[in-house]
Amino acid sequence: MEKNVKIEIDSSSGFCFGVTTAIRKAEEELSTSNALCCLGDIVHNSAEVERLASLGLRTINHSEFEKLPPNTRVLLRAHGEPPATYLTARERALEIIDATCPVVLQLQRRIRRVYEEKTRPQIVIYGKRGHAEVLGLVGQTQGEAVVVETLEEAKEIKLNANRPLCLFSQTTKSLEGFRAVREYLSEKIANPSLFRAFDTVCRQVSGRLSAVENFAKRHDVILFVCGKKSSNGYALYTACLKCNPKSYIVDSPEAIRSKWLQKAQTIGICGATSTPLWLMEACRDRVQKLTKC
């Protein structure tokens, strides 16, 4: 194994603002009491979920949420929740600590306002079907919004020539993908004046795409660290792989293989918006042991 290998952690990787805020709120609440539930994984990273669980955070699903006793404290993660969740909380007298990302919260409100317009526009959301954020967005329309994951799915939408059409995007989706869907719908709608597109892709997230691509090009080997549930992570890893075929995705230091690192002079470590810095640092320490540098 080569000596004096340069190892760099990407400074632009790691938690986004919304996730950072949610985790800080969880830690603050747990510092005063270990009785705190979180509706769904607070972040799509099992290592971070386990760390917070060791502090007393209990992750629950919606079925468990609906059976909680009154006054139970429940943290709503950065992804946001549909109106039905807040209604359940009020009915069961639960104490909500709302950590919804401000960007997501603003998007929910915009969709709700459009949905309530007298013309009742058809609402299309470019996003990952079943994703926590998307469920919260669709909930603003009482389940009526159409979700499309790809341009191909957008082509299957049945357009009403006389009904307004409004396009939104999940905050963490590809800006390039959103623009492709927007362009297609704007060309296909019979009356262009009835079409509105709202670019709601979070720039803090979308800006990481070019940053991670440049980072991948600078190193012989890339270790992309993220949880298996992270859609944002998979998209960024795919971008790394296109720029550097020696890119490997791992969810823990133990997943790193020494054979990947052979002959590498520079090794880059980066991650998703759901990847904690401490986990990337642990992967760096693992690389140092494997390369004995």
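A salt bridge is a side-chain nitrogen of Lys or Arg within 4 Å of a carboxyl oxygen of Asp or Glu. The structure described here is a predicted model, in which local features need pLDDT of at least 70, side-chain atom pairs count only at pLDDT 80 or more, and totals for chains, interfaces and linings use all residues. Residues are numbered from 1 along each chain as its sequence is written, and side-chain values use heavy atoms, with hydrogens and water left out.

Across the whole structure, 14 salt bridges are found. One of these pairs Arg120 with Glu144, with 3.4 Å between the closest N and O atoms. Arg120 sits in the loop between helix H5 (102–115) and strand E6 (122–126), and Glu144 in the loop between helix H6 (132–139) and strand E7 (146–148), so the pair ties together parts that are 24 residues apart in sequence. Helices (H or I, at least four residues) and strands (E, at least two) are DSSP runs, numbered from the N terminus. Arg120 is partly exposed, at 36% relative accessibility. Glu144 is also partly exposed, at 45%. Here buried means under 20% relative accessible area, exposed over 50%, and partly exposed in between (1.4 Å probe, protein chains only).

A second pair lies within a helix. Arg51 forms a salt bridge with Glu48, and the closest N and O atoms are 2.7 Å apart. The two residues are three apart in helix H2 (residues 46–54), which means that about one helical turn separates them. Glu48 is buried, with a relative accessible area of 1%. Arg51 is partly exposed, at 26%. Both belong to a network of salt bridges that also includes Glu27. In another pair, Glu116 and Arg112 form a salt bridge with their closest N and O atoms 2.9 Å apart. Arg112 is partly exposed, with a relative accessible area of 27%.

Strand pairing was examined next. Two strands pair if DSSP finds at least two bridges between them. An open sheet of four strands runs in the order E3-E2-E4-E5, with parallel pairing. Strand E3 (57–60) and strand E5 (95–98) stand at its edges with a single partner strand each, so one side of each has no neighbour in the sheet. Neighbouring strands of this sheet are turned by 30° against each other on average, direction ignored. The axes behind this value are lines fitted to C-alpha atoms, for helices over the stretch in contact, and angles run from 0 to 180 degrees between N-to-C directions. Strand E4 (residues 73–76) pairs with E5 in the parallel sense over four bridges. Within that pairing, Val74 has Ile96 of E5 as its bridge partner.

Strand E10 (residues 221–225) is mostly covered, with five of its five residues buried. Val221, Leu223 and Val225 point one way from E10, while Ile222 and Phe224 point the other way. In a regular strand the side chains alternate between the two faces of the sheet. E10 runs parallel to strand E12 (residues 266–271), and five bridges join them. E10 also pairs in the parallel sense with strand E11 (residues 247–250), over four bridges. Ile222 takes part in both pairings: its bridge partner in E12 is Gly268, and in E11 it is Ser247.

A pocket is an open set of points with protein on both sides within 12 Å along at least five of seven lines, a cavity is a set where a 1.4 Å probe fits but cannot get out, and lining residues have an atom within 4 Å of a point. Grid points are joined across faces, edges and corners, and a volume is the space filled by probe spheres set on the points.

The largest pocket has a volume of about 720 Å³. Its lining has 23 residues, and Lys173, Ser174, Leu209, Ala235 and Leu236 lie nearest the centre. H10 gives the most to this lining, with eight residues. The second largest pocket has a volume of about 310 Å³. It is lined by 25 residues, of which Cys16, Val19, His79, Thr172 and Thr273 are the closest to its centre. H1 supplies the largest share of that lining, three residues.

One cavity of 30 Å³ or more is counted. The largest cavity has a volume of about 40 Å³. Asp10, Ser12, Ser13, Arg208, Val212, Leu236 and Gly271 line the largest cavity.
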